[in-house]
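Open the model in your viewer and keep the selection panel at hand. The stops below take you through it one selection at a time.

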Amino acid sequence: MRVPLAYTAGMIRVLLVDDHALFRQGLRSLLESEGMRVIGEAANGREAIRYAADTHPDVILMDIQMPELDGVKATQSILEIDPAARVIMITMYRQDRYVFEAVKAGARGYVLKDADATTLLDVIRRVAAGEALLDADMAQNVLDDFRDKREELPSEKHADLNERETMILKLLAQGFSNQDIALRLDISEKTVRNRLSEIFTKLQLNNRTQAALYAIREGIANLE
């Protein structure tokens, strides 16, 4: 996946969600040393939902296993309230079943707890810039999961898209942010946002992650 343009919309505002205080403190120190702003910390999913609704962070770093309400259910609730919320799941294991459920719900990607600082910061910046980070294995696993559970994404609908809409969908699935898409197609970011909203409506999709999966499954884009 390509490296996007740097995030230029100002200081990235991050909400940290993890039930281990020392882990949150470590993340806070790292992010603030890189010029990001931690606008809140939550120790469980219920706190995360409240903080997200009150502060509308640019990025939410969400642990999966937490007391009271786990990260997947919290992510689902946050995205029901604000479909544009940008959630990154934090997990110990790449093949964690809960990661699949979170991505299906609309999480923008995931990062391993043992990832190095450079990887974590890159993921945060790319998601803040509007990307949905899906590697080929994750995309295929989620698509297989839809198939196994007969929870199919809409099919045979992309004929309803015009050439420009199809190109926007392709670029989204390839990891381009709204800013990148606008520059590449010589249109405004507002136009990109409006076109994406129309695409989601036409295809009966709820978020960028589902749109990326749809584009990959229908052969509109690939992750190579």
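At which residue does UniProt place the feature "modified residue: 4-aspartylphosphate"? Select D63: the unreviewed UniProt entry puts the feature there. Keep in mind that this is a predicted model.

**Stop 1: D63**

D63 lies in strand 3. Is D63 buried or exposed? Its relative accessibility is 5%, under the 20% cut-off, so D63 counts as buried. Now show the surroundings. Leaving out residues up to four places away in sequence, D63 touches V17, D18, D19, G71, M89, I90 and K113.

**Stop 2: D18**

Move to D18, one of the residues that D63 touches. D18 sits in the loop between strand 1 and helix 1 (21-33). D18 has a relative accessible area of 1% and is therefore buried. Pick its side chain next. A polar atom there lies 2.8 Å from the backbone nitrogen of H20. Beyond neighbours within four places in sequence, the contacts of D18 are F23, R24, A42, A43, D63, M66 and K113.

**Stop 3**

Strand 4 (residues 87-91) pairs with strand 5 in the parallel sense, over 4 bridges. Select M89: its bridge partner in strand 5 is Y110.

**Stop 3**

**Stop 4: helix 7**

Go on to helix 7 (residues 163-173). N162 caps the N-terminal end of helix 7, with a side-chain oxygen 3.1 Å from the backbone nitrogen of R164. Which residues of helix 7 are buried? Select E165, I168, L169, L171, L172 and A173. Their cover includes helix 8 (178-185), helix 9 (189-203) and helix 10 (208-217). Past the end of helix 7, click G175: its phi is positive, near 100 degrees.

**Stop 5: confidence**

Colour by pLDDT. The protein averages 81, and 81% of the residues score at least 70. Which element has the lowest mean pLDDT? Helix 6 (residues 136-148) does, at 60, while strand 1 has the highest, at 97. Now select residues 1-9. Their pLDDT is below 50, yet this stretch has 25 contacts in the model beyond near neighbours in sequence.

**Last stop: the whole chain**

Zoom out. The protein has 10 helices and 5 strands. Of its 224 residues, 49% count as buried. Among contacts with a separation of 6 or more, 70% join residues 24 or more positions apart.

Conventions:
Residues numbered from 1 in each chain as written. Predicted model: local features only at pLDDT ≥ 70, side-chain atom pairs only at ≥ 80, totals over all residues. Heavy atoms only, no water. Pairing = 2+ DSSP bridges. Helix = DSSP H or I, 4+ residues; strand = E, 2+ residues; numbered from the N terminus. pLDDT = per-residue confidence, 0-100. Contact = heavy atoms within 4.5 Å. Buried < 20%, exposed > 50% of the residue type's maximum accessible area, 1.4 Å probe, protein only. Polar contact = N/O pair within 3.5 Å; in protein donor to acceptor, adjacent residues only side chain to side chain. UniProt positions renumbered as here; feature names shortened; annotations may be inferred.
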